[in-house]
Amino acid sequence: MIQWFKDVWEGFWTVLVGMKITWRHLFTQKVTLQYPEEKWQLPPKSRMRLFMKYEDCIGCGQCARACPVQCIYIKADKRDPKATPIFAANGQPIKLDVTVFDIDMSLCCYCNLCTYPCPTDCIYMTPEYEFATTDLTNHLYHFAKTGAKFLTVNPKAPAKPAAPPAGAAPAAPATPKPAPPTPAPPNGGTPPAPAGA
Amino acid sequence: MASYGWRVDDLDTDEMILNMGPQHPSTHGVLRLELRTDGEVVRAARPHIGYLHRCFEKHAENVDYPGVIPYTDRMDYVASMGNSLGYALAVETLLKIEVSPYVQTIRVIMAELQRIASHCVAVGTYGMDIGAFTPFLHLLRDREKILDMFEWTCGARLLYNYNWVGGLSHDLPEGFVKACRQFLREFEAITYPELIDLLLKNKIFVKRTANIGVCPVEVAVSYDLTGPNLRGSGPPRDLRKDAPYSGYENYEFQVCVGKGEFGPLGSCFDRNWVRTVEMAESAKIVHQALDRLEKMERADVHEKVPKRVKPPKSEVYSRSEAPRGQLGYFIVADGTGVNPYRVKVKSPCFTAMSVFHVLSRGMYIADIIALIGSLDVVLGEIDR
Amino acid sequence: MDLFFRLFPEAWPDWLRVALSAAIPAVLLLTFMAVGPIVYVYAERKIAGFMQDRLGPTRVGPYGLLQTVADAIKLMFKEAIYPTGVDKKLFLIAPCLVVLGAFLAMVVIPFGGKAQVADLNVGLFYVIAVSSLSTVGLIMAGWASNNKYALFGAMRSAAQIVSYEIPAVMILLGIVMIVGSLSLQDIVLYQEGGLTHWLLFRYFPIMPIAFVIFFTAGLAECNRTPFDIPEAESELVAGFHTEYSGFFFAMFFMAEYTEMFVISSVASVLFLGGYWSPLPNHILQHIGPIGLGPLWLIAKAWFLVFVMMWLRWTLPRLRVDQLMYVAWKVLLPISMVLVVLVGGLLMIPATRNGFPWDRWVGWIFTLVIFGALIAWMAGARLSKKRRVQDLAA
């Protein structure tokens, strides 16, 4: 009998306590982001759209090997040994002609594993996320382009008298692709390669 | 509609077979429940799983050891730091790598934050199933802050690929410690007491959940329930205390068990109570870990990450305490090649699902949903 | 109605005068009531959003004001699906009955001294009788749907409404005993004189408890949380309106919100003083020749509608058997005890007109409640910083 009274009182009281909380919440600041008008700046490490700078790619295929879903397709031929030597931005000579470098973003799982083994840091994830498209084939990105301007002078050549200090990464030239590049992965020096070398 | 094993003669005159089909209004995933009901009361229940099977274990045989980590994230997608932590620990045992205390501390911080976030979803959606819509949104607001912190650290909000074999993928950014402390302060001061007052102590919620789904200790142990499902029935079994990994022995925290204060011990209420109190305990652990972190010098999180993971021919079974229970990885390495020979996952939700047919006998249909919610199943982990 | 009767010239035939003087107020009331759900649905969504730390509708029209209009237009254009095997006539009549049950009760609510569509001297009895019409409509809807689960839901809903009418009527019995008349106009006139004369504060703890019971029973009549098993979205059976789509669904929806307003206005007429302003000496009752009575009644009714919405977003749902337990084993015994107490107190000459502390306890109660609400409003705090990275600053 006493239990009945206690139940009724507790029922009433807990309802009132709950009502107090929701009343207070009527006046707190709302957390809604009004999307197209307000957009948040994503942190620079955000893993959204993949970008690859074709002029720096040496065609080693490490990124394709590291990718767990095999969404990177690379085809490279040996360069003519008599052609002008070309270099990537960090000084590595490019010995292969990358004829096909496709990334299928509809397969990509945004895990970022491809960026670490790259010896020249030419592939990285950018914070750009608004790339929805109505046609799925638009998600197959072709990065290999004809008529790309490669560096014919080694930017890190040590023999030059007025050599720039070692380790300084030169600023990347402007690219026609959207989203400016984000800085290199967290640690300086060679990025570690967790995947097979 | 296939109804395996039940023949027409099994049905009594008033019984009917009801399908709570793969499409649910609740957010637990694609699960088909076949209920044999007599009016409103359930006589027998049979869950059908497999709608979300994505061949995780087969994929793991075709990618190399570090490449399995994105796949492990996707098993229990609500709590993916826990999955990758378990896998990384297993492979580190195979390779006999000891990570630095700095990495261990960060791993603990991330795992406990993930535990808070996962329990936010669990308790919030449970409230929604019972009919209280508001606590879900308040908890999700806080979960968004945790996910913002994860995004700040490693770039992704839900599937992180953060715990690597031998280390972590990114170091903590500047200001993380301060932001984390501030968030936890707000969580412990505002959200947590409000959750208890608004949802858990509410008499209607108590009446709905305190007498149903009672799982006695013997049943829980014999069906191998782990995590909050087991602790709700009484036994204080927690892998973080019983078999500590990644530096958990250095932290002081209590193992939360159900108390049975409103009904029999082991009811749905107790399991939810355990999850709620665990959120507060995890916040305490994160505070202690942040304190330890500030006293250490920053180390390189990529220091012990091997260039190429090629373990010798061996096998390992390694367990960790995921938010849903004991997550176990059994990895067989055959010594040749960079891919694992076999990765088998012991998923806590799978065993939790197995006790469903015992607990659901004699319940009302309305309570079935409450029961599934209280077992906190995520179909991605059951089906892999 | 008499107002309009005298407006028309004597020369016109009687039947015309009667018909017009009945039709015009009815049409006015109907318009007001039909526009009501548009406001209530918008208010519900906004309030729900704000209680959940989010904005409600914001896109359609400024601050989302046209959201319900857009929803109504959408529902009107939706295909009205007739499942196979439904009884066409019943299927079509059922929503009409439910809506009718809600609208008819407003006919006797007094909006002002003379502003009442029909001043029946059995007004309260009429209200109870007519709101049961919607129960018939519910059962018809469940039966005509040719769906086992809809029938289930309709039966449960009918059982719920019928069970909760009994404590409500008991409380009304208490009110009628105090006032001595069934006419709603008399009940309002009895409460003239400001806050302290309201029936809410009569016999101080007895009538507030009676109000709570009446309000709870009213919530159950509207199928609102915590009693919304019939229309619960996350339960298995979607209730009696499973098979209805398009405009019929809109009618059920409209009936629910109208019923909320009806219950709230009946409660404010009975307990909160109807169209009188709460201040003594008729302050704020008139502005010049214009009476503010209707506005006061609508304000009180809207406040109670807000409380109903507030409860919906705070409380979980009761299970069907617990719902019945509350009706028969909690509300009914308490209301019977209250009625006996009120009757007894009325017999004793010393307490015939209320307890001696009724005069001032009303003010204290109101001030305490409003003070608490305002204090909590001021104290509502949550970090102003939305991004967690800004917490590091």
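## Helix over the sheet

In chain B, helix H3 (residues 80-95) lies across E6 and E7. The helix runs at about 150 degrees to E6(B). Axes are lines fitted to C-alpha atoms, for helices over the stretch in contact, and angles run from 0 to 180 degrees between N-to-C directions. Helices (H or I, at least four residues) and strands (E, at least two) are DSSP runs, numbered from the N terminus.

This is a predicted model: local features need pLDDT of at least 70, side-chain atom pairs count only at pLDDT 80 or more, and totals for chains, interfaces and linings use all residues. Residues are numbered from 1 along each chain as its sequence is written, while chains are lettered from A and ligands numbered from 1 in the order in which they are written.

## The sheet

Chain B has an open, antiparallel sheet of three strands, ordered E6-E7-E8. Strands E6 (314-322) and E8 (342-346) of chain B each have a single partner strand, so one side of each lacks a neighbour in the sheet. From one strand to the next, the twist averages 15 degrees.

Nine bridges join E6(B) to strand E7 (residues 325-333) of chain B, in the antiparallel sense. Two strands pair if DSSP finds at least two bridges between them. Glu321(B) stands opposite Gln326(B) in E7(B).

## The contact with chain A

Contact (C-beta atoms, placed from the backbone, within 7 Å) links 30 residues of chain B with 28 residues of chain A. On the chain B side, helices H2 (68-73), H5 (134-154) and H6 (176-200) are the elements that give two or more residues. H5(B) gives the most, with five residues.

That side of chain B divides into eleven nonpolar, eight polar and eleven charged residues. Ala, Val, Leu, Ile, Met, Phe, Trp, Tyr, Cys and Pro count as nonpolar, Asp, Glu, Lys and Arg as charged, and the others, Gly among them, as polar.

Notes: Two residues are in contact if their C-beta atoms, placed from the backbone, lie within 7 Å.
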